[in-house]
Amino acid sequence: EQPLTEHLVSVARLVELSLCLWDLPKGARAKLINVSENVTFMIEASDGFKAILRVHRENYHSRRAIECELAWIDALAKDELILTPRYYLGKDGDGIQESITNTGETQQFMVLFHFLEGCAPKEDGDLRRGYVALGEIAAKCHLHVLTWEKSTPFCRLVWDVENVFGTN
């Protein structure tokens, strides 16, 4: 475990070294935009290219769990149920890229997503329409997953009461 500022410097260095894993425009640069469960970067180039790079938290999701997430993203996009950001394949043809962390002990998984324009809701604005839209999206996803044929074995985190609020 290292302090957050040191961790972010390490992740930023790892990202700069890893941009070569995708076929990006010349001069593409990474800028940190969010730190939560994962670390997220905006990738931009002078030709207007934009993408979102998600660097998965170490030892949190397995490669198989990320593969299952990408499979569902593919299915949602194919069925045109909701606007779903696609992801770029790396130069090796895989949607999941990995790099060894600076400590050399663990693999860091990364996925590069297409950029979708948007903006965060204003805290002092009327949020009701946004929540209605979010409810519609959640309902469509729920109905979709009930009939979608998942790959085997299907692996994702379970967000039940025990895992969210329990000892785990």
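1. The largest pocket has 21 lining residues, and those nearest its centre are Leu76, Ile82, Leu83, Ile137 and Cys141. Two elements give two or more residues each to this lining, namely helix H2 (63-78) and helix H3 (128-147). H3 provides the largest share, 6 residues. The model is a predicted one, and this applies to every point below.

2. The space in the largest pocket comes to about 710 Å³. Sorted by class, its lining holds 16 nonpolar residues, 2 polar and 3 charged.

3. The largest nonpolar core has 18 residues. The members that touch the most other members are Val15, Leu24, Phe41, Ile43, Leu53, Val55 and Leu112. At least two residues of this core come from each of helix H1 (4-18), strand E2 (39-44), strand E3 (50-55) and strand E5 (107-114). The largest share, 4 residues, is supplied by H1. In soluble globular proteins, nonpolar side chains tend to be buried together.

4. Phe41 deserves a separate entry. Leaving out residues up to four places away in sequence, Phe41 touches Val11, Ala12, Val15, Ala30, Lys31, Leu32, Ile33, Ala51, Ile52, Leu53 and Val55. There is also a second, separate core of 10 residues, and Ile52 is included in that one, along with Ile66, Ile73 and Tyr87.

5. Gln97 is placed in strand E4 (residues 97-100). Its relative accessibility is 4%, so Gln97 counts as buried, the cut-off being under 20%. The side chain of Gln97 makes a polar contact of 2.8 Å with the side chain of Asp92. When residues up to four places away in sequence are not counted, Gln97 touches Leu21, Trp22, Gly90, Asp92, Gln108, Phe109 and Met110.

6. Ala45 lies in the loop between E2 and E3. Is Ala45 buried or exposed? Ala45 is buried, because its relative accessible area is 12% and the limit for buried is under 20%. Beyond its neighbours within four places in sequence, Ala45 is in contact with Pro25, Lys26 and Ala28. For Lys26, the separation from Ala45 is 19 residues in sequence and 7.1 Å in space, taken from C-alpha to C-alpha.

Terms used: Residues numbered from 1 in each chain as written. Predicted model: local features only at pLDDT ≥ 70, side-chain atom pairs only at ≥ 80, totals over all residues. Heavy atoms only, no water. 1 Å grid on protein atoms, 1.4 Å probe; cavity = no way out; pocket = protein on both sides within 12 Å on 5 of 7 lines; lining within 4 Å. Points joined across faces, edges and corners; volume = space filled by probe spheres on them. Nonpolar A, V, L, I, M, F, W, Y, C, P; charged D, E, K, R; others polar. Buried < 20%, exposed > 50% of the residue type's maximum accessible area, 1.4 Å probe, protein only. Polar contact = N/O pair within 3.5 Å; in protein donor to acceptor, adjacent residues only side chain to side chain. Contact = heavy atoms within 4.5 Å. Core = buried A, V, L, I, M, F, W, Y, C linked by side-chain atoms within 4.5 Å.
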